[in-house]
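Open the model in your viewer with the sequence panel beside it. The stops below say what to select next and what is there.

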Amino acid sequence: IEALLNSLKLGAVSALLAGVFAVPLAWAVARTDMPGRGLTRMLVLATFITPPYTGAVAWILLAGPNAGWLNRFYMLATGAEAGPFNIYSFTGLAVVIALYSFPYIFILTTAALELVSSEMEDAANILGAGPWRTMWRVTLPLALPAILGGLIICFLEAIALFGSPALIALPARFNVVTTQLWQFFSHPARVEVAAAFAMPLLLITIGLFWVQQRIIRRRGFVALTGKGGERRPLALGPWRWVLFGYAFLVLALAVLLPYLILGQAAFAKAWGRGFGFDNLTLANFHFLLFEHATARQSVVNSFLYAGATAFIAIGLALAIAYIVQRRLIPFGGVLSFLCMAPFVIPGIVLAIGFYAAYAPPPLALYGTAWILILAFTTRFLPIAFANASAAIRSINPEMEDAVRILGGSRLTAVTRVVVPLLKSSLVGAWLLIQIAETLLPIFHTPDGVLLALVVLLALGFMLALVFAWVYEL
């Protein structure tokens with residue numbers, strides 16, 4: 001019970017922090033003239049390709065109570081005997097999870113805000129509202145479904161993560177659901193107890209969706225109609241530099257500082273010796289790229305499986321979101337719950353379920369690529385569904401009605417009108433799934449984990465540059 005309560009608290013705090021990080025950045029990138037918007041978007045993608053497990057490793061090196069670099073610099077500068085930071089705490093764990101989950105909210109919210117016509121903001125300005133009041137009363141409320149969807153995803157991910165809590169919560173001597181589940185799988189394994197312990201998380205998911213529907217049920221969020229509309233950045237004057245400073249602070253905590261310390265560890269003979277030319281070596285990279293037996297093939301497999309997963313998840317999520325939002329069948333809310341439920345089930349429990357379902361005949365998929373593709377499609381379906389659902393809610397059905405009046409079928413309306421209008425949102429969701437599944441499985445290796453993480457993160461960072469360019473197109 002204590003572990004369950006800790007997980008609920010961790011999920012709430014992490015989701016709220018992620019919202020604080022993401023929503024101002026999304027508004028700044030999508031609606032304002034803040035400098036460096038393309039760089040901000042790119043660094044957010046770089047944040048997403050950094051798994052929370054890797055971020056936890058980096059922040060242990062940065063803010064460990066004894067040898068963390070931030071504490072060492074503080075003690076060197078002030079002469080204090082101890083530093084102020086301690087990553088081995090509930091607060092430290094919540095901040096680490098928030099820093100690497102806020103891209104969910106950022107990408108969903110950015111996609112929604114980019115659909116909002118400037119005519120609505122102009123109307124508010126004509127009636128006397130300034131830029132900040134317009135943001136709070138007009139712009140952000142129109143993106144509320146996307147924001148709520150992102151917050152729910154962050155909450156569910158926080159309570160389903162295992163890597164970060166294993167590195168931070170266990171040394172801090174408190175349990176969450178996933179670390180408790182891990183103990184159920186120790187010898188003797190009690191799979192049925194672990195499955196039962198995961199069931200309350202499904203009830204929590206139902207409760208979250210009930211709250212979400214209560215909030216947005218009586219309000220309209222249509223931002224894109226058949227009349228079109230101009231979209232231009234909002235001029236903030238000197239405040240744009242303040243907003244840029246905030247963006248730089250968040251991204252420095254999520255990307256720049258962790259990458260710096262991980263890079264130092266990757267090139268070091270012994271990372272604890274600190275910076276110095278006599279401590280530099282390329283031997284770690286040579287071992288990983290040329291001597292390790294399976295590293296290169298694992299990268300290729302991960303990209304292939306991730307591409308297949310992303311296409312299947314986006315297609316399935318778009319179809320279900322359209323059915324639910326246009327109310328084509330009764331009890332569509334059940335489909336919404338089924339799409340989001342996999343995100344709250346801890347990965348180890350989901351893996352046991354897939355093994356039990358697909359390993360025996362007649363399917364006998366165990367040991368094949370298909371069981372991995374199906375498992376990851378299930379795992380990342382909530383990301384695609386939350387994105388597609390929020391995007392479809394912003395489109396007025398009048399454009400689909402026009403297609404039907406002119407003789408087109410509903411399928412024609414979806415493929416020729418809805419999908420082109422949602423291409424930005426769908427590309428964003430595709431990138432999220434592609435990056436998440438490509439990079440996350442690679443990092444789950446116990447041998448030389450830190451160095452492998454750094455090398456593959458560098459490759460992922462270069463991919464993020466390409467993805468950011470494609471996303472802009």
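Start by selecting isoleucine 204, which sits in helix H12 (residues 191–216). Helices here are DSSP runs of H or I of at least four residues, strands are E runs of at least two, and both are numbered from the N terminus. The model is predicted, so local features need pLDDT of at least 70 and side-chain atom pairs count only at pLDDT 80 or more, while totals for chains, interfaces and linings use all residues. Residues are numbered from 1 along each chain as its sequence is written, and side-chain values use heavy atoms, with hydrogens and water left out.

Isoleucine 204 has a relative accessible area of 18% and is therefore buried (buried is under 20% relative accessible area, exposed over 50%, partly exposed in between, with a 1.4 Å probe and protein chains only). Show its neighbours: leaving aside residues up to four places away in sequence, isoleucine 204 touches Leu4, Leu8 and Phe155, where contact means heavy atoms within 4.5 Å.

Zoom out to the whole protein. The secondary structure comes to 22 helices and zero strands. Of the 473 residues, 52% count as buried. Among contacts between residues at least 6 apart in sequence, 78% join residues at least 24 apart.

Next, the salt bridges (a side-chain nitrogen of Lys or Arg within 4 Å of a carboxyl oxygen of Asp or Glu). How many does a search of the whole structure find? There are two.

Select glutamate 114 and arginine 41, whose closest N and O atoms are 3.0 Å apart in a salt bridge. This pair links distant parts of the chain, 73 residues apart: glutamate 114 is in the loop between helix H6 (102–113) and helix H7 (118–126), and arginine 41 is in helix H2 (residues 37–48). Glutamate 114 is partly exposed because its relative accessibility is 26%; arginine 41, at 7%, counts as buried.

Now select arginine 326 and glutamate 400, a salt bridge with its closest N and O atoms 2.8 Å apart. Arginine 326 lies in the loop between H15 and helix H16 (332–344), glutamate 400 in helix H19 (residues 398–405), and the pair links distant parts of the chain, 74 residues apart. Both arginine 326 and glutamate 400 are buried.

Finish at threonine 309 in helix H15 (residues 295–325). Threonine 309 counts as buried because its relative accessibility is 0%. Its side chain reaches the backbone oxygen of tyrosine 305 at 2.9 Å.

Technical notes:
A polar contact is a pair of N or O atoms within 3.5 Å; within protein, one must be able to donate a hydrogen and the other to accept it, and residues adjacent in sequence count only if both atoms are side-chain atoms.
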